[in-house]
Amino acid sequence: MDTPQSTGLPRAYEVRSERERVLEAVVRVAAAKGYEATTVTDVIEYAGVSRATYEEMFDGKEDCFLEAYEAVFDVLIAHVTAGFESAAGESWPEQIASGLTALVELLSQEADIARMAMVEVTAAGDDARERYRGALARFTPFLERGRTYSGQGEDLPADTARFAVGGATSMIFDEVRAGRGPELKRILPDLVFAVLMPYLGPEAAEDEMRRVTREG
């Protein structure tokens with residue numbers, strides 16, 4: 001089989017136990033081979049654990065994948081939160097741009113995380129796709145201030161945040177699936193525009209897009 005990348009996961013996802021070795025393994029193998037082609041044998045060989053140990057911890061490949069997915073998304077949310085909060089005191093659009101910068105920096109550095117979290121999850125069955133939708137909803141709280149900031153909060157559809165997140169993640173999905181994950185910083189201005197446009201309108205969102213381009 002193809003050899004998965006051997007670079008370490010972010011510090012928040014360091015390997016400290018057999019369980020975490022297995023969770024890292026399923027991320028790496030699924031990114032390298034694709035979820036459907038990944039086998040339990042692949043995972044336990046990569047992790048260096050016995051099948052008996054694996055079976056004590058997980059009820060098959062899907063169970064293992066879903067737990068790893070939840071852990072990976074915790075890392076993504078932590079990075080976005082740190083980026084967003086690092087711009088505290090700045091305008092809401094600048095906070096959004098800072099959060100998106102943190103996200104694309106992590107995904108561009110960690111190709112396996114990007115592929116597992118944004119692409120392979122869609123091939124892992126109905127439960128995984130439901131987890132994916134739930135995970136994306138974790139980004140919407142960052143957008144709540146947009147209603148107040150825009151001055152037209154009462155006129156915005158109830159699902160505005162979901163639409164904004166969906167547009168941005170669709171762009172990321174396309175880039176990662178095409179093998180351009182390490183180049184995600186290139187589309188950061190477009191992501192900023194996609195998230196801000198429903199709140200600010202095209203002209204103001206384009207101004208923010210240009211600001212991010214200049215600062216980048």
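## A polar contact between two serines

A polar contact is a pair of N or O atoms within 3.5 Å, where, within protein, one atom must be able to donate a hydrogen and the other to accept it. In this predicted model, the side chains of S98 and S86 make such a contact at 3.2 Å.

S98 is located in helix 5, which covers residues 92-109. Because buried means under 20% relative accessible area, S98, with a relative accessibility of 18%, counts as buried. Leaving out residues up to four places away in sequence, S98 touches G83, F84, S86 and A87. S86, the partner in the polar contact, is the residue at which helix 4 (residues 61-86) ends.

## T81 in helix 4

T81 also belongs to helix 4. The relative accessibility of T81 is 25%, so this residue counts as partly exposed. A polar atom of the T81 side chain lies 2.8 Å from the backbone oxygen of I77.

T81 can also be placed relative to A102, which stands 21 residues away along the chain. The C-alpha atoms of T81 and A102 are separated by 8.6 Å.

## Overall fold and dimensions

The two helices described above are part of a protein with 11 helices and 0 strands. Read along the sequence, the pattern is α-α-α-α-α-α-α-α-α-α-α.

The C-alpha trace spans about 60 × 35 × 30 Å along its principal axes.

## Contacts, burial and surface

Among contacts with a separation of 6 or more, 64% are between residues 24 or more positions apart. Of the 216 residues, 49% count as buried, and S98 is one of the buried residues.

The accessible surface of the protein comes to about 10400 Å². Carbon and sulfur atoms account for 48% of that surface.

## Charges

The protein has 23 positive and 39 negative charges. The mean position of the positive charges and that of the negative charges are 2 Å apart.

Terms used:
Residues numbered from 1 in each chain as written. Predicted model: local features only at pLDDT ≥ 70, side-chain atom pairs only at ≥ 80, totals over all residues. Heavy atoms only, no water. Helix = DSSP H or I, 4+ residues; strand = E, 2+ residues; numbered from the N terminus. Buried < 20%, exposed > 50% of the residue type's maximum accessible area, 1.4 Å probe, protein only. Contact = heavy atoms within 4.5 Å. Areas by Shrake-Rupley, 256 points an atom, 1.4 Å probe, with all protein chains shown as cover. Lys, Arg positive; Asp, Glu negative; His and termini not counted. Charge placed at Lys NZ, Arg CZ, Asp CG, Glu CD.
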